[in-house]
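Please look over the sequence and the 3D structure below before reading on.

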Amino acid sequence: MVNVAGAGMAGLVASARLRELGAGVAVREKGTRAGGSMLLSSCVVWRHRDFDDFRAECPGGDERLQRLIWERLDEAIAWLVARGAPVVWEETGNPRTVGKRFEPRGLVAALAGEVELGADGRRDGPLILATGGFSASTELVARFISPAERLRLRANPWSEGDGLQFALERGAALTDGMEEFYGRNMPDAPWDEAEFVSLSQLYGQFARVFDEDGIEFFAAADVSWSETNVVQATAHRREAKAYYLLDEAALRQRVRERTVADMVESAPPEARVPPGELPFAAPADTVVAVRVAASITHTIGGLRVDERARVLRADGSPVDGLWAAGVDAGGVATGGYASGLAQALVLGLVAAEDAARTVI
Ligand SMILES: Cc1cc2nc3c(=O)[nH]c(=O)nc-3n(C[C@H](O)[C@H](O)[C@H](O)COP(=O)(O)OP(=O)(O)OC[C@H]3O[C@@H](n4cnc5c(N)ncnc54)[C@H](O)[C@@H]3O)c2cc1C
């Protein structure tokens with residue numbers, strides 16, 4: 001019998017694969033529902049089109065894990081489709097990436113078997129950790145990421161580093177990049193999980209970016225296409241907030257199907273600031289500013305694993321009977337951003353296949 005802690009993307013994939021392989025499985029989910037952050041996501045499962053781009057954009061990541069995910073993703077997506085996961089887009093819409101967008105509820109339904117809800121999944125015996133990293137732990141985020149202020153959570157509320165703590169107590173090693181995270185700059189106003197996607201302010205690349213003290217701290221030209229780097233930088237400014245200042249030309253720009261003006265309009269009014277009301281003198285051509293707060297979706301650093309998803313000690317030896325999948329495993333996207341769902345899908349399959357060998 002293999003225990004699986006967490007019924008988000010990685011846990012559901014691992015448990016479905018274990019059942020398929022004929023292994024006994026017990027899936028425990030801490031939250032009140034299955035699906036984890038995947039259920040709240042845009043659900044685009046993707047990889048870089050070219051492996052060299054993956055390396056260049058995530059230079060601090062473990063090349064062996066990156067290659068594993070990159071090489072296995074297409075067949076893994078085909079596996080999801082074959083299980084009946086509903087496809088919404090056949091392509092990602094981003095020329096740099098390939099993959100598919102799924103409908104998250106249908107994806108959960110396609111993978112779900114029996115899941116015990118409201119249960120801590122950490123158990124002795126063969127165990128796949130799929131608890132989704134530590135983004136929901138204020139204490140661990142403060143310790144490892146050290147933001148200037150508590151980060152708003154843009155993810156499920158249950159991923160509090162339980163897998164990390166459990167593995168550390170058994171001698172596991174951490175990866176580089178523990179201070180990195182994937183998130184979005186969101187309007188500095190109230191919002192809830194239904195608005196995680198629609199309210200993301202994804203136009204740092206066209207804005208002038210100032211902090212609360214009026215310091216222009218990030219150049220538009222340096223904003224990465226995923227905008228993860230400007231979000232991480234915002235986390236370290238006073239109050240973990242920034243102002244995106246926009247001129248007329250910026251408002252006319254498009255990010256995929258939306259104009260910048262449309263994204264600005266969607267921000268709650270309390271986050272939109274007329275230039276004259278900024279706490280500093282704005283450049284003359286500023287038409288509007290949006291006050292944004294850095295929010296965290298998932299962590300990038302985590303447990304060190306090998307290509308079999310086995311949790312490793314600092315000396316490279318595996319911790320007996322312990323695997324980590326999804327964003328519990330660190331060191332894949334270090335230095336940049338890559339699909340967390342792809343990481344969860346491939347490592348979930350790999351962990352299940354390796355764990356199954358030990359119990360069948
Ligand atoms: C708004 C939004 C948009 C996103 N869009 C995309 C996208 O388009 N593409 C992409 O690749 N990624 C996207 N992501 C990120 C993606 O959702 C995550 O990378 C992915 O869900 C990680 O999978 P996981 O299995 O590691 O964690 P999760 O899917 O979050 O699952 C972790 C599960 O573990 C449970 N858990 C925690 N502790 C315990 C415990 N002790 N015992 C048992 N269970 C526990 C949690 O409750 C949760 O259900 C998005 C995320 C959000 C929030």
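## A buried glycine

Gly35 has a relative accessibility of 0% and therefore counts as buried (buried is under 20% relative accessible area, exposed is over 50%, and partly exposed is in between, with a 1.4 Å probe and protein chains only). Gly35 sits in the loop between E2 and E3; helices (H or I, at least four residues) and strands (E, at least two) are DSSP runs, numbered from the N terminus. Between the C-alpha atoms of Gly35 and Ala112 there are 9.0 Å in space, while 77 residues separate the two in sequence.

## Basis of the model

This is a predicted model, in which local features need pLDDT of at least 70 and side-chain atom pairs count only at pLDDT 80 or more, while totals for chains, interfaces and linings use all residues. Residues are numbered from 1 along each chain as its sequence is written, and side-chain values use heavy atoms, with hydrogens and water left out.

## Two residues with positive phi

Most residues other than glycine have a negative phi. Cys43 has a positive phi, near 65°. Cys43 also lies in the loop between E2 and E3, and with 1% relative accessibility it counts as buried.

Glu239 likewise has a positive phi, near 65°, and is not a glycine. The loop that holds Glu239 runs between helix H7 (228–235) and E12. Glu239 is partly exposed, its relative accessible area being 31%.

E3 and strand E5 (residues 97–102) run antiparallel and are joined by five bridges. Across this pairing, His48 is opposite Thr97 of E5, and Val45 has Lys100 of E5 as its bridge partner. Which residues of E3 point one way, and which the other? Val44, Trp46 and His48 point one way, Val45 and Arg47 point the other way, and all are buried. Five of the five residues of E3 are buried, so E3 is largely enclosed by the rest of the structure.

## Strand E16 and its partners

Strand E16 (288–299) is mostly covered, with 12 of its 12 residues buried. Strand E8 (residues 152–153) runs parallel to E16 and is joined to it by two bridges; here Arg152 has Ser295 of E16 as its bridge partner.

Other partners of E16 run antiparallel to it. Strand E9 (residues 181–187) is joined to E16 by seven bridges, and Asn185 is paired with Ala294 of E16. Strand E12 (residues 241–246) is joined to E16 by six bridges, with Leu246 opposite Val288. Strand E15 (residues 272–273) pairs with E16 over two bridges, and Ala289 of E16 is the bridge partner of Val273.

## The ligand and its shell

There are 38 residues around the ligand, and Ala10, Glu29, Val44, Asp162 and Ser339 come nearest (a residue is near a molecule or strand if one of its heavy atoms lies within 4 Å of it). By class, the shell has 14 nonpolar, 18 polar and six charged residues; Ala, Val, Leu, Ile, Met, Phe, Trp, Tyr, Cys and Pro count as nonpolar, Asp, Glu, Lys and Arg as charged, and the others, Gly among them, as polar.

A nitrogen atom of the ligand is 2.7 Å from an N or O atom in the side chain of Asp162. Oxygen atoms of the ligand lie 3.1 Å from a polar backbone atom of Met9 and 3.2 Å from a polar backbone atom of Gly340. The ligand taken alone exposes 1,000 Å², and the protein buries 98% of that (accessible areas come from the Shrake-Rupley method with a 1.4 Å probe; for residues, only the protein chains shown count as cover). Helix H1 (9–20), strand E2 (25–29), strand E16 (288–299) and helix H10 (340–359) each give two or more residues to the shell. H10 gives the most, with three residues.

How values were computed: A polar contact is a pair of N or O atoms within 3.5 Å; within protein, one must be able to donate a hydrogen and the other to accept it, and residues adjacent in sequence count only if both atoms are side-chain atoms. Two strands pair if DSSP finds at least two bridges between them.
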